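Subject: Structure handover

Hello,

Please find the structure below. My notes on it follow.

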Amino acid sequence: MKYLDEFRDRRLAEALVRRIAQTSSGRLNLMEVCGTHTVTILRNGIKQLLADETNLISGPGCPVCVTSNQDLDKAIAMARHQGVILASFGDMMNVPGTSSNLQKERAGGRDIRMVYSAMDAVKSAKANPDKKVILLAIGFETTAPTIASSILEAHKQGLENFLVFCIHKLIPPAMKALLEMGEINIDGFICPGHVSAIIGSRPYQFIAQNYRIPCVVTGFEPLDVLQAIYMLILQRREGRCGVEIQYSRAVREEGNPTASKLLGEVFEVCDAQWRGLGMIPGSGLKLRGKYERFDALKNLELQIEDSREPQGCICGEILRGIKEPFECKLFGERCNPEDPVGPCMVSSEGTCAAYYKYNPRSE
Amino acid sequence: MVEFGGVRKEIGLQLVPDAKVGDYVLLHAGFAIQKMDEGEARETLKLLEELIEVSG
Amino acid sequence: MGREKILLAHGSGGKLSYELIKGLFLSAFENPVLGELDDSARLDPVEARLAFSTDSYTVKPLFFPGGDIGKLAIYGTVNDLAMAGASAKYISISFIIEEGFSLDALRDIVDSITQAAKHTGVKIVTGDTKVVEKGEADQLFINTTGIGYIRGGVDISGRNGQLGDLVLLSGSIGDHSTAVLSQREGFQFQTDLRSDCASLHCLVKEMLDASTKIHVLRDPTRGGLATVLWEVANASRVGIVIEEERVKVREEVRGVCDLLGFDPYYLANEGKLVALVPQSEAERVLEAMRENPLGREAMIIGRTVEENPGRVLLKTGIGGHRLLEPLSGELLPRIC
């Protein structure tokens, strides 16, 4: 496939690995923020390949994983509401809330449907005028514009029964919060690819300027990640510190202005609760007053149960990069993909799920 | 309508209003989120090829 | 018959049942043993060792590009028997039908079953039909159980893998799951890709003609290639190393996997097999596979090793490596 296969080329990969070995002057702590990068790194065996030159740390870039228990409980309460169809992206189905999850609720008879696109939910609303369709709007800056688009479409069609439970979150404020916590020494950031396709590379400037940490916006193929790591090592070696774009075929400095405009039209920034990182100011999105009638929380009477965190789950520490899944007592035994305790094990981009599946400790 | 590897699917183009037939796009959750810059893609690959000569 | 839908009475054992069996099943499956319509089929004695296998088919949707539940029900069990080096001789078939199921659809499926049985030479000698109330079963479930005769001189089992064996794969992986998914609500992509649903009985016969020393045969259905390799590695107590570059994945399958976040190593295949063969026999067996239409793209994809018994190591396309674990949990599309 064009523009995919070329970035998986073995010869080029080997050349990059050699260069990295030649250029490296000490083992660097590099954090990949985005869950998809964690998967690329583990699936291709990059962690072991570069074990001498890098310590690759997984960050909080998995929107399913950073969804708080309380938000899950709210979603379950919505599903239990009379006359509701809850539309969700696939990953959310097995994420545990305090005492249930969406999969169990569906088995118990609630109308919960998986959608691949926000537009599918709008279509559902049109097709089911006697029901309320609630879209579980989860995701970062990559997904939020698609939800914005669907709200505008629902607005255009004059739909009265389309609602959105908005728990979108923003990446740069989370990276800032992580740095402020000061728990780990980060020598470089492998920045998300698709979030950056939307927001561009400028939002990461503050990291290079104020915290003196190099950033490289990276693509998702193995060569992209290898090249990005090379660029980070080079920056450190040459005493430079800036935000570079490795994923230049998809990311422009200014991002996607159409998408940004859509976001601004429909959403405004608010504080948000992140699993593992707590309350981060200005890190979430909520619907603007103009579109309030699409807000599920404001337009429904809900019975939400008291939320409790699961015992022994250290997803929080894993999301902050201070522990690896192996260090969790529940990992692999009590907590596994079939019967997960925490969301990091459920999402296909969750750190624990990736470690469980691709097991970097292969010898 | 986009095509990838012989598979076709309907996709929302609201985020890339200037996309034309024949353009390569990035897909996410049923939408195109950005046009792929083919010139940049070739540049990146060229850079990587040069590494092979240098690193031996 | 002239009725449109299956009714509860069709399964109750009375007149309507009899009409259905005689009019639809009997005339389609046509053989003297079945024709006796006794409670049990009486079969002739035989000298060979027997292989015996059962499977239930709940595929959704019932009709997919490249096949349907009927074709799958026959080929699936015939293939399981072939994996023991056995040629399928007799099959039983039971239907559990939801009240209101379309009779036309049932006829089409029975047609498929008949074609598949003819192709494999297997006789459907006994069966059963039950009809349950609307809502109690999702349209149609089929169970087939088969008996086959194991070819003389072969000893094929998941436990027989040995050090020094090479791992052979008959063709591309992930085709069946992808074809089925393309028809499921919520996915809706268009593709020319068809399920690889096929009977492996000829391919296996030709492989055994080339060499009776084949150690292991497995077909990677539910759970995919990764799960099957893992099971064999464990049953045989050997390590297995696979090279990613040698495993063929069609472009369409890769496209869907990339888009929806699936891993082709865990997708089901219904017309492929994996063989563990002593190194000295491998070329010969590979050649025989490539002569058969179902094995044109056969490759040697790896080998058994002493290190890490019970584990499967995948050498990735860029020179790294990772472990292939068995499938756990359900495959879901990703979000970000």
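I start with a sheet in chain C. An open sheet there has 7 strands in the order β9-β11-β7-β12-β10-β13-β14, and its pairing is mixed. Strands here are DSSP runs of E with at least two residues, helices are DSSP runs of H or I with at least four residues, and both are numbered from the N terminus. Two strands pair if DSSP finds at least two bridges between them. The edge strands of the sheet are β9 (216–218) and β14 (321–323) of chain C, each of which pairs on one side only. From one strand to the next, the twist averages 25 degrees. In general, strands of a sheet pair through backbone hydrogen bonds, either parallel or antiparallel. Strands β10 (residues 239–243) and β13 (residues 312–315) of chain C run parallel and are joined by 4 bridges. Within this pair, Val241(C) has Leu313(C) of β13(C) as its bridge partner.

Before going on, some words on the source. This is a predicted model, in which local features need pLDDT of at least 70 and side-chain atom pairs count only at pLDDT 80 or more, while totals for chains, interfaces and linings use all residues. Residues are numbered from 1 along each chain as its sequence is written, and chains are lettered from A and ligands numbered from 1 in the order in which they are written.

Chain C also has a domain assignment, which gives domain 1 (8–150) and domain 2 (158–323). Such bounds come from an automatic or database domain assignment. Taken over C-alpha atoms, the centres of the two domains of chain C are 28 Å apart. In chain C, 19 residues of domain 1 are in contact with 19 residues of domain 2; contact means that the C-beta atoms of two residues, placed from the backbone, lie within 7 Å. On the domain 1 side, α3 (69–82), β4 (86–98) and α4 (103–120) of chain C are the elements that give two or more residues. The largest share, 7 residues, comes from α3(C). That side of domain 1 of chain C divides into 10 nonpolar, 8 polar and 1 charged residues. For these classes, Ala, Val, Leu, Ile, Met, Phe, Trp, Tyr, Cys and Pro count as nonpolar, Asp, Glu, Lys and Arg as charged, and the others, Gly among them, as polar.

Two local points in chain C are worth a look. Lys60(C) and Pro61(C) are joined by a cis peptide bond, with omega at about 5 degrees. Pro61(C) lies in the loop between β1 (50–57) and β2 (63–64) of chain C. Glu30(C), a residue other than glycine, has a positive phi near 30 degrees. The loop that holds Glu30(C) lies between α1 (15–29) and α2 (32–35) of chain C.

Next, helix packing in chain A. Two packed helices are described by the angle between their axes and the distance between the axes. Axes are lines fitted to C-alpha atoms, for helices over the stretch in contact, and angles run from 0 to 180 degrees between N-to-C directions.

How are α1(A) and α11(A) placed relative to each other? The axes of α1 (residues 10–23) and α11 (residues 222–237) of chain A come within 10 Å and cross at roughly 20 degrees. The helices α1(A) and α11(A) are therefore roughly parallel; angles under 35 degrees count as roughly parallel, over 145 as roughly antiparallel, 65 to 115 as roughly perpendicular and the rest as oblique. The contact residues include Leu16(A) and Ile20(A) of α1(A) and Leu226(A) and Tyr230(A) of α11(A). By class, the contact of α1(A) with α11(A) has 12 nonpolar, 2 polar and 2 charged residues.

Helices α7 (residues 144–156) and α12 (residues 257–266) of chain A pack with their axes 9 Å apart, at an angle of about 60 degrees. They are therefore oblique to each other.

Last, the contacts between chains. Chain B puts 27 residues in contact with 32 residues of chain A. On the chain B side, α1(B) gives the most, with 10 residues. That side of chain B has 15 nonpolar, 8 polar and 4 charged residues. The contact of chain A with chain C takes 39 residues from chain A and 24 residues from chain C. On the chain A side, the largest share, 4 residues, comes from α1(A).

Regards
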